[in-house]
Amino acid sequence: MAKVTIDGIEIEVPDGTTILQAARMIGGDIVPPAMCYYSKLKTSGGYCRTCLVKVSKGSEKDPRPMPKPVASCRTTVMDGMEVLNITSPEVLEARAGVVEMLLLNHPLDCPVCDQAGECHLQDLAYEHGKAETRYEFPRREFEKIDIGDKVQLHMTRCIMCFRCVKVADQITDGRVHGVINRGDAAEISTYIEKAIDNDFSGNVIDVCPVGALTDKTFRFKSRVWYTKPVDAHRDCPTCTGKVRLWYKGDDVARVTARKDTYGEAEEWICNSCRFEHKKTSDWVIEGPTKVDRHSVISANHYENLRLLKASIDRQRASLPHGDKVDLGTGALNPNNEEK
Amino acid sequence: MGKKILLANDHIEGIRFLDTYRKHGGYASLEKALKSMTPEQIVEEVKTSGLRGRGGAGFPTGMKWSFLAKPEGVPRYVVCNADESEPGTFKDRYLMERIPHLLIEGMILSSYALGAKTSYIYIRGEYFYVARILEQAIDEAYAAGLLGKNILNSGFDLDLYVQIGAGAYICGEETALLESLEGKRGNPRIKPPFPAIAGLYGCPTVVNNVETIAAVVPIVNEGGAAYAAIGVGNSKGTKLISASGHINKPGVYEIELGVPVEEFIYSDEYCGGIRNGKKLKAVVAGGSSVPILPTELILNTAAGEPRLMSYESLGDGGFATGTMLGSGGFIVMDEDTSIVKNLYTFARFYHHESCGQCSPCREGTGWMEKILHKILHGHGTLADVDLLWDIQSKIEGKTICPLGEAAAWPVAAAIRHFRKEFEDFIRNGEHVNDVKHYYRLNNLTAPIN
């Protein structure tokens, strides 16, 4: 076990835990954002540099600080390590720099992008980005490529997180896609547009943090915030069959894997579940998905009313005369005697 | 006249071949080591010698060797980094072209010291003809029983291979080199683990520069203490310097560390002064990635002491007023050189050579090149200089491998020391139509005398 302090919060974690995992165990604001790290993919992480943190004390044995900011997703904790994330202006500055670099060649076509609303780059730019770009040159552009009949690759939006390459490497049989070219001309590609054709290839859509890999059966069908997520399962011979259905009205608009707080799929699902079972009668509905109330997806979500009421009640209870607060105006009304 | 160790015999005709090399004392170190020394003794000698890595970082070689993990039943590897791609550096090529057997002898000694049974020389793709020279030399060594099974009846076996890269600067970074050697895409690995723990094929590996490995030969032959007697401070021994630029005598020089920079530039023994009687303007002292320094700072330190060709003296003052010895690519620029154009050339190189793995370097190097291109074409604004400064600070230290720093340092130093020149360039709008062919055009239009 190693004791690590992140932004002044102490936690004891097993040896071999990375700083990012330790931060996720604490949770909340101090978790560094991660665009390329994916806990279920081996050797992922370290590329995007958004999770940079400052190690102000190396360990109990060797208290020297690390000279450069380190990628928290690939640095394991040492006993007595002290890490600064949001309490270090240097880290926030570096992160803002990385976000600017990631957005440099990104087309910002969010209004027509299917990923908008659940895009990690959007969230990241919202939190750490600047209002305008300082880049005044033409952005990089690529032709759209169809990878098989169900997945489309739009390299222009890609931020080179390498997650899909790791999926192709580790989840599916026979690696057929990787990276070609070098530097800012590098692109994800299949060998001469060869289709990815195996049972689990659809997972590349789920791991993509931006709209570079999209589900062709869902393209331009709906904005994600007009759909309602519902957890469901079915008896699937290939995968566990635990999925999330996204309803638009009474129709299943798309099927994805269930994702956790950090946008990572809990279990990989097969292409048959993802692309071919889009009727309510195919599934056993477990109930509505809990959605973070800060997400745009929750905007018209029925779950919210209950959460909102609970939150108001809690805040009222914490006030000295909470029961006398007028809910409409927020003013303290001593005559409010009804409760 | 400074003492020469590595290049002592380079003027001898036929030193490339085994017979002549042996006639002039070649492979004496190997015989001495295999007959009378244990591997630990060689590592100790290297530690005593104070030899530092000659590839650029200057890390003590003996210490690097002692970090090598030695688990039972796992092979260890020695890899020679001959992927010399830093602009302005060409010392390894010279050494391998002239005296290939020195490197091979050094490889056998290092492999013996570190217990490697298989070793590799990873050479850059553009040096294909040097690879042929090396392979020829290796064949000679095999035929003479200096490589293969039971070398010189000592019971030590070693196989040595030459692997040619495909011409990527990034493969000079040790972990990218190992990836490339394994047959993968040459992307740097994320450290830790360091190669000393998990390197080639996941086994403990030592990666050393050509010059470092060649220096093991005289160290074993004459002892570490004799080697340590040369030099100044923590900079021991001799160093090969690739001198290029506007000097009378460009070429590879072996210097004793501690020669004053002024002497190196102006004495007839070395560079022989600035070409055409011009004045010195700036020097890039250790290959394109180290900070450029103007005349007053390269000849003397900020404290007013004469600057010496050594790791400490060149590094004196940090990056504010100092630079680095680096790989020894000594690029001299005379008063007619445009720092802006020079920086554009460097920026274009780093943009082209970025591997594309991590975002600050992938996007930032291209951005810097585009801004410099804009300035060079007369469309720059004064704000662009501040923007360049900001971009380089966002790259430096934020990347997986040192290529990010290598791209950021020249930009930072050029702006730090020559900011006025950038501003003049922007204000006066010097216009160049075709930057790519600028140097050739300039030569063509120069008056014929």
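Trainee: How many residues of domain 2 of chain B are in contact with domain 3 of chain B?
Mentor: In this predicted model, 10 residues of domain 2 of chain B are in contact with 11 residues of domain 3 of chain B.

Trainee: Which element gives the largest share of the domain 2 side there?
Mentor: That would be strand S10 of chain B, residues 292-294, with 3 residues.

Trainee: And how do the residues on that side divide into nonpolar, polar and charged?
Mentor: On the side of domain 2 of chain B that touches domain 3, there are 8 nonpolar residues, 2 polar and no charged.

Trainee: Where do the domains of chain B run, by the way?
Mentor: Domain 1 covers 18-229, domain 2 covers 238-334 and domain 3 covers 339-445. The centres of domain 2 and domain 3 of chain B, taken over C-alpha atoms, are separated by 22 Å.

Trainee: Let's turn to helices. At what angle do H17 and H18 of chain B pack?
Mentor: Helix H17 of chain B (residues 382-395) packs against helix H18 of chain B (residues 403-428) at about 165°, and their axes are 9 Å apart. H17(B) is therefore roughly antiparallel to H18(B).

Trainee: Is the crossing left-handed or right-handed?
Mentor: The crossing of H17(B) and H18(B) is left-handed.

Trainee: Which residues make the contact?
Mentor: From H17(B), they include Leu382(B), Leu388(B) and Trp389(B). From H18(B), Ala407(B), Val411(B), Ile415(B), Arg419(B) and Phe422(B) are among them. The residues of this contact divide into 12 nonpolar, 2 polar and 2 charged.

Trainee: Okay, new topic: how many residues of chain A are in contact with chain B?
Mentor: 25 residues of chain A are in contact with 22 residues of chain B. Helix H2 of chain A (residues 89-104) gives the most to the chain A side, with 6 residues.

Trainee: Last one. How many bridges join S6 and S7 of chain A?
Mentor: Strand S6 of chain A (residues 144-147) and strand S7 of chain A (residues 151-154) are joined by 4 bridges and run antiparallel. For instance, Ile145(A) has Leu153(A) in S7(A) as its bridge partner.

Trainee: What sits between S6(A) and S7(A)?
Mentor: There are 3 residues between them, and the two strands form a hairpin. In the turn, Gly148(A) has a positive phi of about 75°.

Notes. Residues are numbered from 1 along each chain as its sequence is written. Chains are lettered from A and ligands numbered from 1 in the order in which they are written. This is a predicted model: local features need pLDDT of at least 70, side-chain atom pairs count only at pLDDT 80 or more; totals for chains, interfaces and linings use all residues. Axes are lines fitted to C-alpha atoms, for helices over the stretch in contact, and angles run from 0 to 180 degrees between N-to-C directions. Angles under 35 degrees count as roughly parallel, over 145 as roughly antiparallel, 65 to 115 as roughly perpendicular and the rest as oblique. A crossing is left-handed if the near helix is turned anticlockwise from the far one by less than a right angle, and right-handed if clockwise. Two residues are in contact if their C-beta atoms, placed from the backbone, lie within 7 Å. Ala, Val, Leu, Ile, Met, Phe, Trp, Tyr, Cys and Pro count as nonpolar, Asp, Glu, Lys and Arg as charged, and the others, Gly among them, as polar. Domain bounds come from an automatic or database domain assignment. Two strands pair if DSSP finds at least two bridges between them.
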